[in-house]
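Here is a short briefing to read alongside your sequence and 3D view. Please keep both open as you go.

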Amino acid sequence: MEGPGTAAPPPSAPLEGDAATLAIPLYAKARDFRSPHPILGDAKADEIVRTVSLRFEGMRTSGVPLLVVRAAQIDAWVRAFLADHPDAVVLHLGCGLDARVLRVAPPPSVTWIDVDLPEVIALRRRFYTEGAGYRMLAASLTDPAWIEGVRPGSSVLAVADGVFEYLDPESVRELLARIMARYPRGEAIFDVMNSYALGQANQRVHGAVGATLRWAVDDLAAVDALFATGRRTGAVRLVFARFLPWRYRLPFAIAYFAPRLRDAIRVLRYDFAAPSAPGTAAATA
Ligand SMILES: C[S@@+](CC[C@H](N)C(=O)[O-])C[C@H]1O[C@@H](n2cnc3c(N)ncnc32)[C@H](O)[C@@H]1O
């Protein structure tokens, strides 16, 4: 892939509402990069934070690098998927200013599309350059039209990192249904927050930038029901994730006995195939 490169940064970026929340994981990754033992080592996050002014007051997360652990878990699953599907289409939904495409470095045969709101993509274009296999797409995920312009393919990977929480449940259902209708088979990798975590996060981001988290998941059965033609193949609780540094593991052991902490943020992986896709039971019957 001709890599997304670096262009001249803007002096400031007045994002509002849901778009402004991209600063939360971005700052977490930059802080991780500067730490003695980085989990992600995301130099792009550090570069962006050093050169662009984003609203961040009231949005500082605790020192626990849960959002970095989340990104690392998602990266690991994305790499695993692409190892088996080197010609896939990746739809990176609500990409923000995240450098997953650089961290994962997909082969040129992959089509990688970073999708986010127009004001976010306009800012993103100052830091990333489109190239062979890499595109940025300005659209709302709730707009049914954008996916019609995306290259069809034999398999798709839909990835959303810290994004579906900002959509209402019906919008998540419709978005996943549109993706599954357009692609015969694929995977979806995304995280969910429970009601407790959603409430905590809303207290921080609503007053700070006017963003609202809307989709809480307390029971994974509600998510499973969105994948009529698929099944859940992975579920990782961030407080027990393998990327969590050892020093946090003992304190988080208490979460075994506190479901609202234990299930605060989970990363999920689903495999799906249309009934008529080659290799499915219906197609081979
Ligand atoms: C918390 S940030 C996460 C950004 C990125 N995934 C990351 O991990 O750094 C949430 C992102 O979702 C995007 N988003 C929220 N609602 C959206 C929508 N309806 N359409 C497109 N993007 C949306 C925001 O603009 C923002 O970039």
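This is a predicted model: local features need pLDDT of at least 70, side-chain atom pairs count only at pLDDT 80 or more; totals for chains, interfaces and linings use all residues.

Residues are numbered from 1 along each chain as its sequence is written, and side-chain values use heavy atoms, with hydrogens and water left out.

- Asp75 sits in helix H4 (residues 66–84); helices (H or I, at least four residues) and strands (E, at least two) are DSSP runs, numbered from the N terminus.
- Asp75 counts as buried because its relative accessibility is 1%, where buried means under 20% relative accessible area with a 1.4 Å probe, protein chains only.
- Beyond its neighbours within four places in sequence, Asp75 is in contact with Leu40, Arg100, Arg103 and Val104; contact means heavy atoms within 4.5 Å.
- Asp263 is found in the loop between helix H11 (259–262) and strand S7 (265–273).
- With a relative accessible area of 10%, Asp263 is buried.
- Asp263 touches Asn194 and Arg237, leaving out residues up to four places away in sequence.

**Helices H2 and H3**

- Helix H2 (residues 23–34) packs against helix H3 (residues 43–51) at an angle of about 110°, with their axes 8 Å apart; axes are lines fitted to C-alpha atoms over the stretch in contact, and angles run from 0 to 180 degrees between N-to-C directions.
- H2 is therefore roughly perpendicular to H3, a term for angles of 65 to 115 degrees.
- On the H2 side, the contact is made by Leu26, Tyr27, Lys29, Ala30, Phe33 and Arg34, while H3 brings Ala43, Ala45, Asp46, Ile48, Val49 and Arg50.

Technical notes: Buried means under 20% relative accessible area, exposed over 50%, partly exposed in between (1.4 Å probe, protein chains only). Angles under 35 degrees count as roughly parallel, over 145 as roughly antiparallel, 65 to 115 as roughly perpendicular and the rest as oblique.
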